[in-house]
Amino acid sequence: MGTILPVTKQILVAEFLRAQAAWRLARADGAPVRAARCAAALLDTAAYAAALTEDDEDLAALARGGCFRGSVFDPGARGITIARSWQFGDPPHAGPRDLLTTLAVVAGRRVGV
């Protein structure tokens, strides 16, 4: 019998980012290289998020912003737009922490934190 792992905030964020990477690859918008770069950045951030500690500041800010509902991570419409366009433009200039921090800031604005 296999071990069932608990669903953590880190896993929920990583799943969200993987889904956004798949969305971006399916919609290259005539720019396959830029879409691939965006998807790679999202997958990199997903791996980064999965390895965060439970007391991470951005995870805490996302929680305060109401982004975790049951077993779903939902950063809202603005957060989805940010993720789907992450590193799509030229030149790429930000890393995984930058995306998480940006999502946390947007979540804070949603609730006035």
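## Aromatic rings

Rings of Phe, Tyr and Trp pair if their centres lie within 6.5 Å. Planes over 60 degrees apart count as edge-to-face, planes under 30 as stacked, and the rest as tilted. This is a predicted model, and by this rule the count comes to two aromatic pairs.

Phe-16 and Phe-73 make an edge-to-face pair. Their centres are 5.2 Å apart, and the angle between the planes is 75°. Phe-16 belongs to helix 1 (residues 9–26) and Phe-73 to strand 2 (residues 72–73), so the pair ties together parts that are 57 residues apart in sequence. Both Phe-16 and Phe-73 are buried. Phe-68 and Phe-73 also pair: the centres are 5.2 Å apart and the planes are at 50°, so this pair is tilted. Phe-68 is buried too, as is Phe-73. Together, Phe-16, Phe-68 and Phe-73 form one aromatic cluster.

## Charges over rings

Two arginines sit over aromatic rings. The charged end of Arg-24 is over the ring of Phe-88, 4.2 Å from its centre. Arg-84 lies over the face of Trp-23, at 4.1 Å from the ring centre.

## The two sides of helix 4

Helix 4 spans residues 76–85, and its buried residues are Gly-76, Gly-79, Ile-82 and Ala-83. These residues cover an arc of only 95° around the axis, which puts them on the same side of helix 4. An α-helix has 3.6 residues a turn, so residues three or four places apart point the same way.

Now turn to the other face. Away from the buried side, helix 4 carries the exposed residues Ala-77 and Arg-78. After helix 4 comes Gln-87, whose phi is positive, near 65°.

## The nonpolar core

The largest nonpolar core has 31 residues. Those that touch the most other members are Val-13, Leu-17, Leu-42, Leu-62, Phe-68, Phe-73 and Leu-99. Two of these names, Phe-68 and Phe-73, also belong to the aromatic cluster.

Which elements give two or more residues to this core? They are helix 1, helix 2 (32–50), helix 3 (57–64), helix 4 and helix 5 (96–111). Helix 2 gives the most, with seven residues.

Leaving out residues up to four places away in sequence, Leu-17 touches Leu-42, Thr-45, Ala-46 and Leu-99.

Technical notes:
Residues numbered from 1 in each chain as written. Predicted model: local features only at pLDDT ≥ 70, side-chain atom pairs only at ≥ 80, totals over all residues. Heavy atoms only, no water. Phe/Tyr/Trp six-rings, centres within 6.5 Å; stacked < 30°, edge-to-face > 60°. Helix = DSSP H or I, 4+ residues; strand = E, 2+ residues; numbered from the N terminus. Buried < 20%, exposed > 50% of the residue type's maximum accessible area, 1.4 Å probe, protein only. Lys NZ or Arg CZ within 6 Å of the ring centre and 35° of its normal. Arc of directions from axis to C-beta. Core = buried A, V, L, I, M, F, W, Y, C linked by side-chain atoms within 4.5 Å. Contact = heavy atoms within 4.5 Å.
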